[in-house]
Amino acid sequence: SSVLVARSLSRRTTVHGAKSARVFMASKRYYADGNEGLVLTLSAPHETLLDKIVVDNVNLTIADGDIGFGADHVPFISEVQPGTVEITYDSEAEGGVVTERYFASSGSIQYSPDNTCAINCGEVVPIDRLDIEAIQQNLEEWKRKEEAAVDIEASEI
């Protein structure tokens, strides 16, 4: 007969059997207390756009897809995908709920057990500062350059 030996390794428990070994992670959940709401910092290497402001909700795209969260969310760390970061908060000065939108390049996000969230990206720009016409012109120029490069490469084969 097989003898099972169980031992605790920090937060892991390993069970050894005659033919297989399994590792089980202890299921301890860390939730924030939510007393003050979600405290958000949004930054790029050259500037901090939002520094520890209390917000109601954040929506963005991470490695696993679109996510929306507020205070008391389960802590996580993920990769931020290029796209829109939408932040909602209540502002007495502006008479109600305010939604701000930013374009963010790739980066990282960390939501901590103390209800703080840091979003760090290579570039972050308020959507209203983007010049759509200039973006479209640059896109068309890069498409032309890419097509020309492909044509040159194809002719060299």
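Cys117 is buried, at a relative accessible area of 3%, where buried means under 20% relative accessible area, exposed over 50% and partly exposed in between, with a 1.4 Å probe and protein chains only. The exercises below concern a predicted model, in which local features need pLDDT of at least 70, side-chain atom pairs count only at pLDDT 80 or more, and totals for chains, interfaces and linings use all residues. Residues are numbered from 1 along each chain as its sequence is written, and side-chain values use heavy atoms, with hydrogens and water left out.

**Exercise 1. Cysteines**

Task: Determine whether Cys121 is buried or exposed, and state how many disulfides a search of the whole structure finds.

Solution: 
- Step 1. Cys121 has a relative accessible area of 4%, so this residue is buried.
- Step 2. A disulfide is a covalent bond between the sulfur atoms of two cysteines. The criterion here is a pair of cysteine sulfur atoms within 2.5 Å.
- Step 3. The search of the whole structure returns zero disulfides.

**Exercise 2. The chain as a whole**

Task: Describe the secondary structure of the chain and its burial.

Solution: 
- Step 1. Helices (H or I, at least four residues) and strands (E, at least two) are DSSP runs, numbered from the N terminus.
- Step 2. Along the sequence the pattern reads β-β-β-β-β-β-β-β-β-β-β-β-β-α.
- Step 3. The chain has 157 residues, of which 26% count as buried.
- Step 4. A contact means heavy atoms within 4.5 Å. Of the contacts in the chain with a separation of 6 or more, 47% are between residues 24 or more positions apart.

**Exercise 3. Aromatic rings**

Task: State how many aromatic pairs the chain contains, and identify which residues the ring pairs link into a cluster.

Solution: 
- Step 1. Rings of Phe, Tyr and Trp (its six-membered ring) pair if their centres lie within 6.5 Å; planes under 30 degrees apart count as stacked, over 60 as edge-to-face and the rest as tilted.
- Step 2. By this rule there are three aromatic pairs. In one of them, Phe69 and Phe76, the ring centres are 5.5 Å apart and the planes stand at 80 degrees, so the pair is edge-to-face.
- Step 3. Phe76 also pairs with Tyr111, at 6.0 Å centre to centre and with 15 degrees between the planes, and this pair is stacked.
- Step 4. Phe76 belongs to strand β8 (residues 76–80) and Tyr111 to strand β11 (residues 107–111), so their pair ties together parts that are 35 residues apart in sequence.
- Step 5. Phe69 is buried at 2% relative accessibility, and both Phe76 and Tyr111 are buried.
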